[in-house]
Amino acid sequence: MSEALDLLLNTSLWAAVLRLATPLIFGVLGALLCERAGVLNLGIEGIMTMGAMAGWLAVFAGGDLWLGLAVAASAGALMGLLHAMLTVPLGLSQHVSGLGITLFASALAYYLYRLLVDVGETPPTIEPFAPLDIPVLSEIPFLGPVLFAQTGPTYLALLMVLVLAYILTRTPLGLAVRMTGENPHAVEAQGLNPIAIRIGAVVAGSALMGLGGAFLTTAAFNSFFPEMVQGRGWICIALVVFASWRPGKALIGALLFAFFDAYQLRLQTVIEGVPYQLFLMAPYVLSIVALILVSRRAQVPEALMKPYRRGER
Amino acid sequence: MRLERRESVPLALVATAPLAAVATALVLAAGLIAAAGVNPLMAYGEMLRGALGSRLAITEMLTRATPLILTGLAAAIAFRAKLWNIGAEGQFFIGALVTAWIGHSLGLPGPLGTAVLMVCAMAGGALLLAGPAYLCLRFGVDEVVTTLLLNFIVILFVGLMIEGPLRDPLAFGWPQSVPVDGAYRLPDLVARTRLHIGLLIAVAAAGMVWLILARTVFGLETRAAGFNPRAAAFAGISLPRTLMGVALLSGALAGLAGGIEVMGVTGGVTTTMSPGFGYAGIVVAMLAALHPAGVVAAAVFVATVFVGADAMARATGVPSFIADVIVALSLLCMLVALLFTTYRVRR
Amino acid sequence: MKPADPVLELSGITKHFGAMTANDDISLALAPGEILALLGENGAGKTTLMNILFGHYAADAGDVRVFGQTLPPGRPRAAIEAGVGMVHQHFTLAGNLSVLDNIMLGSEALTKARSARRAARARLIEIAETFQLPVNPEARVATLSVGERQRVEILKALYRQARILILDEPTAVLARPEAERLFETLRGMTAGGLSIIFISHKLHEVMAASDRVAVLRGGRMVAERATAETSAEELAELMVGRRVERPVRQDHAIGAPTLIAERLSVREGSETRLDEVSFTIHAGEILGIVGVSGNGQGALGEVLSGLTQPSSGSLSLNGAPAGHLGPRGLIQAGAARVPEDRHAEGAVADMSVWENAILERLRQPEFSTRGFVRQGAARAHARKLIERFDVRGASDQTRIGLLSGGNMQKLILGRSLATQPRFILANQPTRGLDEGAIAAVHAELLAARSAGAAILLISEELEEAVALSDRIQALVKGRLSRPVAAGQADARRLGLMMAGIWEDESDAA
C-alpha cells in the first residue's frame, strides 16, 4: 500500500497528468463552446479522430509540427461545419447528427489514412513534439519537470482555457454566444443573428476538438492507428456537465480525470493480482459517478439542444 | 429561403426518403472511391457481387444482417420514446457474454436450453440499460453519456472475463471465452452456410415490436411520451414507467442480438466479435425512419455494404473502411431527407 | 389631416403563411409623439404586422419606411438602427443572465476586445432614472417579477435609442393598476419625443391610452379612428364584425358541495406558489378564478389536474380525498381537465385524432383489453366526439396538430365532457380562440353546469368570467380573495380584487 502512496510523490506521475489532460482540455473546451451556444456536439469523438489523422498526416507528408496542428484544427472545423449546417439552419436532431458525424469522421479518417499511407507491418511514425524545457523554471525541483517541461501543445491548451474564459465573460462576442445558448430569440430581437453565432461557435469548438485529437498523434504518440481516441471525446462531453459549462472548472475536471488515468496506469505495476481491465475501467466509472453527483444542480444553458427556427416558437 | 411545415406528410415521400438518402450517399462515396483510382461503378459492381452475387454471399450478408436487425430495433424503439440509448454495443456484448457463460454448462435439453439462454441474454441487455435509464429518471443524468461510457466499461469487462474466469483453455492463448454447449447452437437455416435460424427470430422480433408499437397500450403510451411528454403526463401516462419499460425492451433486443450471435455464429465471445453492431444499429433505425418493418430492410442494406465492401477491397484495393463511410453518409443524408418529408422549402 | 411627416409608414404589407393570409395589403402611418393602438382579435394579424415592421419576418409584398428611409426586409438589426424598439409579448430575455447582460447584448460591435460594462451600467442607470423605470443592473433576470421583466424589455429598447416603441399586448401580464402605471409612463415618453404603437385586444385600455386606433380583422385593416371621435361600442363592432351571440348563463338551483379545497399550498424550494387557498364548488355551479397569470394560476391548475401534489392542505372530490390521486386517479374519480395550453399539454400534435381522443382513458376496459388497444371502439368514440362537438375539418385519422385552435379545443373539451364528469377544471378554455369557437366552448361549459357538474373556470378574461361564473374569486400572489357573487361583480370591484385589494383578509372562508 505504501508503494501506492509513494507513486504520488513521483514527478513523472504529475508530469503525465498534464500530458494526459491536454487532449481532454482541448476537447472539453470545444464541447463547452458548442454547448454554450446551444448545440450539443456528439461529433466530438469522430472529430478528434479526424484531427489526430489529419494532423499526423500533414507532418508525415513533410509539414512542420505546428502546421500539423493547424491542419488538424481546420479538419475539425470542417467536420464541425457539417454538424452545424445540419443542426442549426436545418434544425435536425443534435443527438443523431452528432453520432452521424462521429461515425462519418472516424470512417473518413481511417479511409483516407489507408488510402494515402502505405501501412506495412508497423505503422509509420513521425518525430513528435519534444518537451519544451523553459529555462530556469524547468529546473525548479519537482514543479519544474511537472509544469515547465511539457510540450508546446500543452501550453497552448492551458492558454486556451484563459482565452476562452476571457472571451465568454468579458467580450461582446462571448455575451452573444452565451445568450444564444440561453435564448436565441433574445439574440434575434437585439438585431444579431443567432444562427450565424451558433454555426461559428460549433466550427470554432470543433477546431479545438481537432487540436485535442492531433495532440495524440503529434505529442503523446508518434503514429496514427484506429480506435486511438478511445472514448476521450465522450469523456469530454461528461466533463462539460461536471464543469457546469465553465472553462476554469473544465480545466479542473480534465486534470482530475487525467490524474486518475495516470495514477491507475502506475498502480497497475504496483498492485498485483488485480486484472488490469479493472484499472482501465476506473476513469470511465468515475466519469459516471461525477455526472451523478453534479447532474441535480447543473445549470444547463436553457436553449441547449433546442433548435432555433426564425419565426417559430 | 425558409422551411415551412407541411400540412400533411405524403406516404410516398416517406417511402422514397431512404432511397434518396442512400443514393446520395453512394454518389458522395463514389468521389472517395475515384480518389483511390478505381472506377466507382466497377467498385459498386464488385460490392454487389460480393454481397449478393452467389448463394454463399447472400447467406453471409443475411448472417451479418441478423444482429443488425435486432440492434436496429433496439435503437428504433428507444428513439421513439426519445430515450437516447447509444449503448447497444455494450448491451450486445453483455448478451453474448451471459449466453456463453451460462450456456457453457447449462444442464437443460437442447431447444429448452436455447430458449432459456435467449431470455438470459435479453435480461442481461435489459439490466444494463436499466441503470442509465434509472440515473436519467432519478437524477437527470444524460443517458447519452452514460450509455456511451458503459460501452467501454463493458468491453473491458468482457476482456477481463475471457482472460480470466471464462477463458477457453483450448484456444491456445487466443483470448476467447469458453464456447456455448453445442446442444444450444442455433440450427442452420441453409445447409453448409453460416446462416442460422437467428434470422427468423430477428424478423419475428421486428413483427413483435411493430405489434407492440402499433397495437398495444404500452406502444401508444411510448409514442405519446416520445412526441410530447408534457401532454402524455397530463393525460395520466406515467413517464418513468413508460421510459423504464422502453429501456428494458430496447436493452433486451440488443442483448438478444449478442446472444444469438454467440449461439448462431461464433460459439464463444471475443472482444472483436462485433464490427460495431451496436453503433450500426443506430444507422439502421434512422434509415428505417424508426419503423420496425423498415428496420429489416435497412439492416439488409447495411449488411450488404459491409459484406460487399470486404469483397470490393479484395478485388480493387479500395480500403474496406469505405463501408463505414457509406453507412455514416447514409445516416446523415437520411436525416436531411426526413426533414424534407415534414418540411418544405419556401422562397 | 396629419400634423407632421410620419415617423413610420407601412404600405401595402401582405404576408402569407401557407394557405393562410395573415396580412392583406395593410397600410399604416405613425405621427411623431403619437400613441397608436393596433386593435384586433386573436388571429387578426396584429403580431405578424409588427414582426414584419421589426424585421422578424419578411413581407411577401409592401414596404416599411422609418423616418423616410425604407427598411431592408427581414433584418431586425436595420430596424433597431433606424430607431425602432420592440417589446415582445413573450419576453425575449435570458433568465440565467443579468439585467445588464440582457440589455447590453447587441449594443457593442462583436469584434470589440472588451465589453465596456462600467460605462454601460452608468448609462443604463441614467436612462432608468430619466424614464423612471428603476432596475438593479446586476440582478439575474430569473429572479425578477413579470412587471420588472417588462421594464427590462422597455429599457432594452430605450438603451438602443429607440424613437419608435412597439409593445405587443403589454398588459397581458399586468394587473389593472400596473397597466395604468405603464400607460402613464408611455405617455411621459411621448412627451419626450417617442412615438408608440401598442397592440391590444382590450377595448377599455385602447380607449383610455391611445390617440388613434387602427382596427385589424382577419388580416385586413378595417378602420382607423381618432380615439376621441369613436366609442368602445363602435370599436367592438369593427373589431368583431358580425357579433356572435354568446350564450347566457341562466340562474338555477345549485346542489351539494362537490369539490372542496382547504388551505391548499404548493411550495417549491423557497417559493410559495399557492398559499393556503380554500374554496368550495357545488354541483351545477361555476366558480370563476380571475387574476393575472403568474399569480398561482399555474400551481392551482397543476394540483387540480393531478400533475402536482399539494405541499399541505386538503382537496376532496365527492367527499373522497383527491389531492394525491395523480392525473389518472382524478379522471377515474370523475374529474375532467381542460389544460391551460392545448398545444403543450392538451394534445400530442403528431398523433391522430382518435389516439388523442382516448389518451386519458387508454387503460379503461372500454378502450383496451389485455394491453391491446381496441382500435374499433376508440375510433368510433372519436367519430362520435367529432360529430357531437362539431369538430370541423377532421376525421378520426387526421393528425390532431393539423386542426385549428378552436377545433382542437372542441375536441379536448369533448374528450373531457364525454364522461359526464362531476368536476371540470377549465383552465383558460378560450385563450386564442375566435368568436365562434368561444361561443361554442361557453355553450358546452354551461350545458355541463346544467347537467350538474361543478366547474372551476380559471380565466384572464374578465368578461368571460363574469358571463359564465356564479361566483368569482381573485387569485393574487398565490392567495385567494373571498368570493363575490356574479351579480355584484362590477369592473371596479374586480379590478381592485385583481390588484390584491380585498376586505377581511384574515377570515378567508
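This briefing walks through a predicted model, from its confidence scores and chain interfaces down to a few local details. Local features need pLDDT of at least 70, side-chain atom pairs count only at pLDDT 80 or more, and totals for chains, interfaces and linings use all residues. Residues are numbered from 1 along each chain as its sequence is written, while chains are lettered from A and ligands numbered from 1 in the order in which they are written. The model scores ipTM 0.93 and pTM 0.92.

**Confidence**

- Where pLDDT is low, the predicted coordinates should not be read in detail.

**Where chain A meets chain B**

- Here 37 residues of chain A are in contact with 39 residues of chain B; contact means that the C-beta atoms of two residues, placed from the backbone, lie within 7 Å.
- On the chain A side, α5 (94–116), α11 (232–242) and α13 (276–295) each put in at least two residues. Helices (H or I, at least four residues) and strands (E, at least two) are DSSP runs, numbered from the N terminus.
- The top contributor on that side is α5(A), with 13 residues.
- Sorted by class, the side of chain A that touches chain B comes to 26 nonpolar, seven polar and four charged residues. Nonpolar covers Ala, Val, Leu, Ile, Met, Phe, Trp, Tyr, Cys and Pro; charged covers Asp, Glu, Lys and Arg; the others, Gly among them, are polar.

**Where chain C meets chain A**

- This interface has 26 residues of chain C in contact with 22 residues of chain A.
- From chain C, α2 (76–81) and α3 (99–104) each supply at least two residues to the side that touches chain A.
- That side of chain C splits into 12 nonpolar, nine polar and five charged residues.

**Chains B and C as a whole**

- Chain B is built with 13 helices and two strands. Its radius of gyration is 21 Å, close to the 20 Å that the globule rule gives for 347 residues, so chain B is as compact as a globular protein of that length. The radius is taken over C-alpha atoms, and the globule rule is 2.2 Å times the number of residues to the power 0.38.
- Along the principal axes, the C-alpha atoms of chain B fill a box of roughly 70 × 60 × 30 Å.
- In chain B, 58% of the 347 residues are buried. Buried means 20 or more other C-beta atoms within 10 Å of a residue's own, exposed means 12 or fewer, and partly exposed is in between, with C-beta atoms placed from the backbone.
- Of the chain B contacts between residues at least 6 apart in sequence, 78% join residues at least 24 apart.
- Chain C carries 17 helices and 23 strands. With a radius of gyration of 25 Å, close to the globule rule's 23 Å for 509 residues, chain C is as compact as a globular protein of that length.
- The box for the C-alpha atoms of chain C is roughly 70 × 50 × 50 Å along the principal axes, and 47% of its 509 residues count as buried.

**Helices of chain A**

- Helix α8 (172–182) and helix α10 (194–220) of chain A pack at about 105°, with their axes 10 Å apart. Axes are lines fitted to C-alpha atoms, for helices over the stretch in contact, and angles run from 0 to 180 degrees between N-to-C directions.
- That makes α8(A) roughly perpendicular to α10(A); under 35 degrees would be roughly parallel, over 145 roughly antiparallel, 65 to 115 is roughly perpendicular and the rest is oblique.
- A:Ala176, A:Val177 and A:Thr180 from α8(A) meet A:Pro194, A:Ile197, A:Arg198 and A:Ala201 from α10(A).
- In α11(A), 11 of its 11 residues are buried, and the cover includes α2 (11–36), α3 (44–60), α12 (247–270) and α13 of chain A plus α6 (143–163) of chain B.
- After α11(A) comes A:Ser244, with a positive phi near 50°.

**A spot in chain C: C:Ser459**

- C:Ser459 lies in the loop between β20 (454–458) and α16 (462–468), and is buried, with 25 other C-beta atoms within 10 Å.
- Leaving aside neighbours within four places in sequence, C:Ser459 is in contact with C:Gly288, C:Val290, C:Gln428, C:Glu464 and C:Ala465.
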